[in-house]
Amino acid sequence: MTSAQTFTQVAPGIWTATAEIWSSLTTAVVAPDGTCLLVDPGITVAEVTARAAETRRHGWRVTAGFATHPHWDHVLWHQDLPDVPRWATAAAVAAQEATRAADLVKAEDMAPGHDPALFARLTALPAGSDRLPWPGRDVVVVRHDGHAVGHAALVVPDAGVMLAGDMLSDREIPLLDTDAADPIGDYRTALDVLEQAATAYDVQVLVPGHGHVGDAADLRRRLDADRAYLDELASGRDPHDPRLADPWLAGEHRRHLERLRGGTPRDA
């Protein structure tokens, strides 16, 4: 079994596995009795199948899923996983319903073979709830709209862990919601919200949606790096960000510039 198919414990009861595409991270939040929350399952069919096999091998009982946001690579599931609520914010559920047909095409192009009947079958969180309604350990929902409509991070207070979704990556620049009225402003607000939650719950382990798990010092460095990128983007300066060495991210940066100059951004 490859490392991409194997969970590694990063904090008490918190396990992550890395996909081959975009270094995407799946997280299992496991209670002492084996109750398991599966967050953002893997991307390819083989990876999601492996996640299901790994949960069984560990003796975990998957009782809920969570999609941090409505992009296609975060709303996947597999028939080998139980038929359980797959939570997301109400805004994320509505956004995914609007783009589901196009997202299925993207999924089939990048990771073919997923069952359309299981794709993006999300359940909206109760309005105003800041806790995940599942039978396991306490999980705080931190809502914002920085990267996508209805994005949410999760904090597991008893483990000091934040699951940041597609934020605070060491590999990716801030990827803005270029359809928003104020993409940079929304992202800055989201970073503030995440920083406040990290302080309030004394976060010591950061799990991004893409990239590498970090500690509290990494979280601070990533906040600083993301804010610096946004400042340079807003001012029109050329960002000196090593993450732009990736050609794909350089292309996303050009997309940001198009949006800020009044052009029509292409689809993500």
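Helices here are DSSP runs of H or I with at least four residues, and they are numbered from the N terminus. The model is a predicted one, and every value below was computed from it.

Start with the whole chain. It contains 5 helices and 12 strands. For 268 residues, a compact globule would have a radius of gyration near 18 Å; the chain has 17 Å, so the two agree. The C-alpha trace spans about 50 × 40 × 40 Å along its principal axes.

Next, consider how the chain is packed. Of its 268 residues, 55% count as buried. The chain exposes about 11300 Å², and carbon and sulfur atoms supply 53% of that area.

The structure holds 3 aromatic pairs. One of them is formed by F7 and W60, with 5.6 Å from centre to centre and 65 degrees between the planes. Planes over 60 degrees apart count as edge-to-face, and the pair of F7 and W60 is therefore edge-to-face. F7 lies in the segment before strand 1 (8-11), while W60 lies in the loop between helix 1 (45-58) and strand 5 (61-66), so the pair ties together parts that are 53 residues apart in sequence. Both F7 and W60 are buried. Together with W15, these two residues form one aromatic cluster.

Now return to helix 5, which covers residues 247-260. Its 14 residues reach 20 Å from the first C-alpha to the last, close to the 20 Å expected at 1.5 Å a residue. At the start of helix 5, a side-chain oxygen of D246 comes to within 2.8 Å of the backbone nitrogen of W248.

Which residues of helix 5 are buried? They are L249, A250, G251, E252, H253, R255 and H256. What covers the buried residues of helix 5 includes helix 4 (216-235).

Note on methods:
Residues are numbered from 1 along each chain as its sequence is written. This is a predicted model: local features need pLDDT of at least 70, side-chain atom pairs count only at pLDDT 80 or more; totals for chains, interfaces and linings use all residues. Side-chain values use heavy atoms; hydrogens and water are left out. Helices (H or I, at least four residues) and strands (E, at least two) are DSSP runs, numbered from the N terminus. The expected span of a helix is 1.5 Å times one less than its number of residues. Buried means under 20% relative accessible area, exposed over 50%, partly exposed in between (1.4 Å probe, protein chains only). Contact means heavy atoms within 4.5 Å. A polar contact is a pair of N or O atoms within 3.5 Å; within protein, one must be able to donate a hydrogen and the other to accept it, and residues adjacent in sequence count only if both atoms are side-chain atoms. The radius of gyration is taken over C-alpha atoms; the globule rule is 2.2 Å times the number of residues to the power 0.38. Accessible areas come from the Shrake-Rupley method with a 1.4 Å probe; for residues, only the protein chains shown count as cover. Rings of Phe, Tyr and Trp (its six-membered ring) pair if their centres lie within 6.5 Å; planes under 30 degrees apart count as stacked, over 60 as edge-to-face and the rest as tilted.
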